[in-house]
Each structure stands twice: as structure tokens, then as C-alpha cells.
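Visitor: I would like a close look at one part of this assembly, the place where two of the chains meet.

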Amino acid sequence: MNWHRFASPSNFKRLSARIFPWAAGGAALCLGCGLYQALLVSPPDYQQGQSVRIMYIHVPAAWMAMFVYANLALAGAATLVWRHPLAEVAGRAMAPIGAAFTFLCLATGSLWGKPMWGTWWEWDARLTSVLILFFVYLAYMALNNAFDDATRGARASAVLALVGAVNLPIIKFSVDWWNTLHQPASVMRLDGPAIHPSMLWPLLAMGVGYTLLFVVLALVRIQAELIERRLGALVQARLSAEPAA
Amino acid sequence: MIGRASFEAHDLACLRGGRIVFRQLEFRVDAGGLLVLRGANGAGKSSLLRMMAGLIGPAHGALLWNGDDIADDPDAHRARTSYAGHSDALKPALTVAEHLSFHAKLRGQAADKIAAALDAFALTKFADLPARLLSQGQRKRVALARLIAAPAPLWLLDEPTNGLDADSTARLETAIAAHRETGGIVVAATHLDFAGADAVTLTLGERKAA
Amino acid sequence: MNAAFALIARDVRLAWRHPNEIATILAFFVIAASLFPFGIGPEPQILARVAIGIVWVTALLACLMSLDRLFQAEVEDGSLDLLVTAPAPLELLALAKVVAQWITTALPLIVISPIVATMLHLPADGYATLLLTLVLGTPGLSLFGGIGAALSVNARRGGALLALIVLPLTVPILIFAVAAVDAAIAGLSPRPHLFLLAGLSVFALTIAPFAMAASLRQAAE
């Protein structure tokens, strides 16, 4: 029976209660160590100087932008194929986190661009692809919120997440292609020679830290969403139980 | 179409917007049968009809045609079902005849019953009139004439007599009787008494009233 | 299949009986494109450089405007229920709606695009390729637009939402269409870009019917 399908997703609750402290502790540890290493210990770049430290915020944010989108697409598939209510909630909960990471990537990219390229915004292929990914996130969130019926919003945005998932590689390809057409290698590539271990470790620590932070934020948001839906179900149940006056 | 067709529901439940509209619903209609749905506003008559048409899925239980779950073969179910909802689904710029012949083609049928459909609802003289010039009752009659223009064994009618005058209601009753004669099944949500004492009545939302 | 052709015929006939709707969209196309010279100055060299981009972007926006009502109108008068309960596959019927939209909107836009291109001083070598890119690219626009239209049925702020959904998806079409015309103007072969453009439309054709049908079933619930 799934009358109050949001009233008792107890399995999720138990699982998340077990994961939560570990994820939160790990996130704090990784981000603390990673930031300390990145901002204080790691050497400045011989070309870019101190501004290279933006990389430790920027690059993992770009990873997360894609990683969260992949999760969104998986949640979308689960919403449409299995009609799993938890997947509906998860998609809704994860999208703003992914959009925030994407925005962080764009903002730090812009900040990094100023000393590197001498301009706040460069139509660099990667930055442009991330910008379009950000637009897709915005469309997802707008669509998710555009209906009075939460399930309809979740299913519609799930379709969009999947359409976006098959389109994003094509968009990435076409933007790369467009960029090489218009800007013959004037932009310095960020992936230069092999990265030195003293820079690699803080970068990886930040990446793991971001991932755990994402897990923590997603769990909190899913819980909040479940409580909100349960509240609605309870109010509805109480009103239905009362004799019609 | 003659034979042992049956349409039934087992332990059917409907969930709309997180609210249970009805549950533990049971009924059975056999070939030639008429099922009349009654109940207060919001009791779920329209939802049940939409569920029967395959537009919404049951939250629980199943609808069976000849014993087979309609969800197992939705294509076959759509082919045998003709749904006439609240809205007339008329395009103001198309004529009455164009609506009927489009509907027949949409349902993969030859457009050779248009004249009969027009005649059944006294629409013959309006055949070439665009829908924007029709009155409310005439619009409803066009919507009902679709049932004749593209025959299907199962008719699902949501408040079919809304906006109809006495003469048109009588024509609808004649059409329903003729359909049942050939072994068709009719499910109608209505507050009017249809001719035929053999109709099965299903009242929705009784639990709430008790 | 006959059901799909009947639906195309019905929609084309409806558009024929409401010529104002197409006229409005064509007027939008011309007016929006002719605003650009006011924004960037009337120098023919500058306009010639950006003409193809303006023609394509404004054609894209004009196409988008007509998509707004593609499925919403069917929902509002109850016709969607008849389409969803018809025996024909909904994927096919949704595709038929898009084909009709393409015939009634994209085709007229293509026909008048040379006029707009002339106003913007598009170099003479670009016209044939411009028409080819529009013929190959607009089906992709209509298909992605159809997905957006189906998803935003009954949504709040449907029109703006439609743009938000569709515009990011159409970036590749825009890129390859403009690149093809630029190549032709520069005396290079536009063929590779045209192939890619056609590929994008074929790709859209493979996913759009399913995405539209899934969205429309949700909308009919």
C-alpha cells in the first residue's frame, strides 16, 4: 500500500542517519585540510603566481557541476521508470546544490579570468559549456517549481534532466568546436603540463570534500522535503477524517 | 462486438495530488451493460472515468477487460475505448463534419459513418458550420456524435447530458440503447435517470457521507 | 500513420484559417531583426558581419513564439484527451503536431528569410547556404521546441519557461548553422557543417517523440 507514501520512508531515514555524521565529519576534515594546503602550504604557480589558488575552489566545483547533474539524470530515470517517490524528492533536493556548485565554478572562473586573461568573462570553451550547464540547471528548477502538483513538476523536470543528459555532450562538443573556430589558441589552457603532487593532493582533498559536502546538503534537503510533504499528508488526513460540518 | 465482453474493477483506488479520491472500488459490467456513476462533486466520478480511459493509472488495484488488466495492453484498450470528457474538444475554425471525419481518421477508422453520426444527433444541417457558430448544446452534440463516427465497444461519458435539451437527451438515450443492443458497454457519470431499469448504479464517496 | 497525417492536415487547415497567427510571427521576425541596425549602427560592413547571426537568432525566437500554443491549445479545449486516448501511438501524434508546426511556421520563416538577410546586408555568397541551414536546422528547432512545449503545458509562466528549456538545447544548431554560412561567405565548403546540422536534426528526431509523449501523458493525468 502506498497511501501515505511520503509519511514513512523509514528506510531512507535510517540509512541517512547512519551516513550523515560520517559524511559531515569527512567533509569538514577534507575541506579543512584541503583549504589549508591549498591556500597556505601549496606553492604559487611559476606563471600564475598566487592566483593559481583559485583553482582549488574552481576545478572541483566544475567536477561537482557535472557529477551532480549525473545524479540528477539518474534520479530522473528512477522517477520515470520506477516512479520512485524518493527519487522525485531527491531530484528536487539536489538541483539547487548542483546549480550552486555550477555558479561557484562560473564565479571563480570569472575571478580567475581577470588576472589570467585580463577580462572578467572570456568565451572560453569550458566556461561556455559550464554556462550552458548552468542554464539547464535553471530550467530544471524552474520546471520543477512550475506546477501546483509536486509530482507533475518532478516528472516533467525528470524528462528534462534526461533530455539534457543526452544533449550536454553534444553541446560540449559544439561549443569546443565553435571556440576553436573563433579563438585560435589565444587562451592559455589550464591543463598545462602534468600537475605537481604538491598541488594535486589539495585538489583531490577539495574534490572529496565537495563530494561529501554535497552528500550532507542533499541528505538535509531530502529530509526537509520529506518532512514538508509528510506535513501536507497529515493535514490532509486530519481534514479528511473530520466529519464534514 | 457481440459476446462475453466484460469490464470490471478490483480493489481500485485513486490518488490525486496526495489525496485519496476513492478506494476499494469494485464493479462489473458485462456486454450490453450500462454503468451509471453517481456521487457528489469531488467524489471521483471524472477521475474514475479518466482512469477507465487509461489517462490516469490506478494507485492500487486494477481495471479488467475480459479478465485482463487494461494496463497490460494499453494500445488494445485505447482502440476499444471512446472517451467523451467534460470539454467538447472543438476547434472554433473547423466545421462539424471536419471534426467528425478527423476523429474517425484519428482513431484509424474509415470516415464513412459521418452521415449517420450527424443524423443521430440532428446535426445534418449544421454539418458545414464552423464550431465557433454553434450553441452550447450543439457543441455538446458534436462531441457525442464522435461516438458514432468512430465506433468503439466501450463508451465513457462524463456528464453527457450537460447542456442538452430534452430532445437531444432522448437522442443520446437512443444512441446508448442502440450501442448496448450490439453488445457495447457504456459507463456514464450523470445525475439524470437513463432509460433502462437494468442499469447498474455505482455511487462514489458513500463512505464520506456515512 | 493515417492518424498522424490526419492530424497534420487538421493543424495545417487550422493555421490556414487563422492566417493572422502566422502573419504575426513573420512580422515579429522582420521587426526584431530590423531592430539590430538601431542597436549596432547602420554601417553595411558591420551588419554584413553579424547578419547571419541575427537572422538565425531572430528566426529561433520567432519559432519559439509559435511553440507556446502547440500543446497548450490542445489541453485547454480538451483535445489532448482525444489524442492520448486515440489508438495511434502518442509519439507519432506528437511528432505530427511538430511537423504541422514546422510547415506552418518554419517554412514561411524560411521563405521570407532572404528579405531579412538583404536588409542586413548578408554577403551574396551566403544566401544559398542560409536557406540550406534553415531547411536542415529548423526541424531540430521545432523538435526541441516541441519537447519544451510539451513539458511546459499547464505550467505557470509557460512562455518564459519554454524559452528557458529550449534555448540551451538549441545552441549546437545555432553554432553549426552560422558556421556553415560563414564558411560559404569565406569561400570554404559549408558541407561538413551542413552534415552536422542535419545530424543534429536527426538526433532531435530520435529523442523528441519519446520526450514529448512522456510529457503529454503526464499533462493528461
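How many residue pairs are in polar contact between chain A and chain C?

Guide: This is a predicted model, in which local features need pLDDT of at least 70 and side-chain atom pairs count only at pLDDT 80 or more, while totals for chains, interfaces and linings use all residues. Residues are numbered from 1 along each chain as its sequence is written, chains are lettered from A in the order in which they are written, and side-chain values use heavy atoms, with hydrogens and water left out.

Between chain A and chain C there are five residue pairs in polar contact, both residues being at pLDDT 80 or more (a pair of N or O atoms within 3.5 Å; within protein, one must be able to donate a hydrogen and the other to accept it, and residues adjacent in sequence count only if both atoms are side-chain atoms). On the chain A side, the elements giving two or more residues are α4 (125-144) and α5 (150-182), helices being DSSP runs of H or I with at least four residues, numbered from the N terminus; α5(A) supplies the largest share, 16 residues.

Chain A and chain C each bring 29 residues to the contact (heavy atoms within 4.5 Å), and the area buried between them is about 2,400 Å², with 73% from carbon and sulfur atoms; buried area is the accessible area (1.4 Å probe) that two parts lose on being put together, summed over both. Three salt bridges are also counted between these chains (a side-chain nitrogen of Lys or Arg within 4 Å of a carboxyl oxygen of Asp or Glu), and A:Arg155 and C:Glu221 form a salt bridge at 3.7 Å, N to O.
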